[in-house]
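Here's a quick walk through one model, with a look at some helix packing, the ligand shell and an annotated domain.

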Amino acid sequence: MSQMSIEIHAGPTSHFTLSLNATTLSVQKTFKSQPTSHHEIGHRYILRAQFKDETRSLSLAYLARKNKASLGLVVIEGGVEEPAVSRAKAWAEALMKAVYDDIGLKRSRRFMVFVNPYGGTKKGAAIFARKVEPIFKATGCSLEVLYTSRQGHAHDVCQKLPLEFDAVITVSGDGLIHEVLNGFAKHADPLKALATPVAPIPTGSGNGLSLNLLGIEEGFDVMAATLNAIKGQPMKVDLFSMTQGGKRSVSFMSQAVGLMADLDIGTDNLRWMGETRFTYGLLRGLLRFKPCPVQLSLKLAETDKEKMAAAVHSREKQKREMVAVSTADSPDKTGVSLSPLEHVHTDEEGWTIFDESILSVYAGKGPYVARDFMAFPVSLPDDGLIDVMAMTTSSRGDLIAAMDGATKGRSFWHPSVHYVKAHAYRIKPLKAKGYLSVDGEPYPFEEFQVEVHQGMGTLLSLYGHYAAKLEFRAPGSRHTQGT
Ligand SMILES: Nc1ncnc2c1ncn2[C@@H]1O[C@H](COP(=O)(O)OP(=O)(O)OP(=O)(O)O)[C@@H](O)[C@H]1O
């Protein structure tokens, strides 16, 4: 693209020169004939350019970092002299084409937005009104907003949601996403409903999904998440069926029993602490070191940690050549029922029983489950497998050592952490009391089974892959294998 420039007048003595380049937009401000500020804005951060006939002005909205801190909304507007009107219109159109049409993005998406005023530190509604909604409006998105009034509200609405939205936005934590997906699973057209992309705005406590989509730097940045809702491309992800007592639920992130459930569900009364409650819960759990008598059975797929890391490595390589997956590449499925279950409860063939004394079982997908815990560093969004991590009561010292580096996923490499990939797994409690956490939500502590449905869910992603960096094993450290 050759450079296209236009001048707009912000006042009698100041104007902006806007130059559209192949990958950036240059914004040069001039005051009293002196150049003042100059910014280069990447195409990704440009929200909208619009020529307004009634005021003969051109407005431009984009996101920029002020003082290298968090992203902020910038809107500039200036008059256009009569002879330049048609050029200004063509300029605005060329910019919109470059930042939307040419990369397969729809301008002005239509969103269903669920805001949970109760999630995290209860600031969701205020954050949506102050930060998120103004960006959607400046972009020209149309919104249907619902403030949830109770637990299960978003679930019930999603069950009957007209499938006409470009995406569902959740302003909350992972719990509301769990509700949305389970509502979709009960929709009259469940597979089509689950193909509706979901984009989280992180106002919960753990915000695991947002961390996985945006990375550790921006996972808690509501502005970056809002940009993802506007500019992200649909990315297919695996979902899990969790069956318990004849009831089937959908899970997208994790299931936990023992220590890892205690640190989440067992600290619900400490919500005021924000995400710190997880660290507190982990320390408390490690000190108590209480065994969790359950039987774990697995339909194993991979037990070699080196091979798991190598698979992530080769995916990384592919990514570099890959342009984000577009909707056109993945035709929407439709059907009156969810994908059938393949691993029935009575099937015994090919199952392996893990026969050590268990402290905790944590299974799931998506590297981060919280900012300070990369639980599944080698998980892939769509490999059709679930990562299962079991900790045993073999040694408290070992386990404390294993949790050192958990933020960066280093626990994965520790020999006392048993980490496998499975097609399915089962948990049978051998005692009456305990916690079971599914995507951070409490479930009855009863026998359950989990299996994977490849690519049944859809998220919006700016990158087309999880935005987490896998730390490879430090050279010279001990060779580690799975169970
Ligand atoms: N209006 C409401 N009042 C009470 N609970 C609600 C309401 N709306 C949704 N919920 C429930 O609030 C719970 C917490 O929400 P969510 O999980 O999104 O936040 P969080 O637990 O703080 O974050 P995270 O799961 O990321 O740690 C969920 O169980 C959700 O179903």
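## H6 against H7

Helices H6 and H7 are oblique to each other, therefore neither roughly parallel nor roughly antiparallel nor roughly perpendicular (under 35 degrees counts as roughly parallel, over 145 as roughly antiparallel, 65 to 115 as roughly perpendicular, and the rest as oblique). The axes of H6 (residues 208-218) and H7 (residues 222-231) cross at roughly 140° and come within 10 Å. Axes here are lines fitted to C-alpha atoms, for helices over the stretch in contact, with angles from 0 to 180 degrees between N-to-C directions. Helices are DSSP runs of H or I with at least four residues, strands are runs of E with at least two, and both are numbered from the N terminus.

This is a predicted model, where local features need pLDDT of at least 70 and side-chain atom pairs count only at pLDDT 80 or more, while totals for chains, interfaces and linings use all residues. Residue numbers start from 1 along each chain as its sequence is written.

On the H6 side, Ser210, Leu213, Leu214 and Glu218 meet Ala224, Ala225 and Asn228 of H7 (contact means C-beta atoms, placed from the backbone, within 7 Å). By class, that's four nonpolar, two polar and one charged residues.

## H2 against H7

H7 also packs with H2 (residues 124-139): their axes come within 10 Å and cross at roughly 35°. From H2, the contact uses Ile127, Lys131, Val132, Ile135 and Thr139, and from H7 it uses Val222, Met223, Thr226 and Ile230. Six of these residues are nonpolar, two polar and one charged.

## Around the ligand

Which residues come nearest to the ligand? Of the 22 around it, they are Gly119, Gly173, Gly175, Gly204 and Gly206. Helix H4 (residues 174-185) supplies the largest share of the shell, four residues.

## The annotated span

An unreviewed UniProt entry places "domain: DAGKc" at residues 106-246. That span is 43% helix and 25% strand, and its end C-alpha atoms lie 41 Å apart.

Methods:
Contact = placed C-beta atoms within 7 Å. Nonpolar A, V, L, I, M, F, W, Y, C, P; charged D, E, K, R; others polar. Near = placed C-beta within 6 Å. UniProt positions renumbered as here; feature names shortened; annotations may be inferred.
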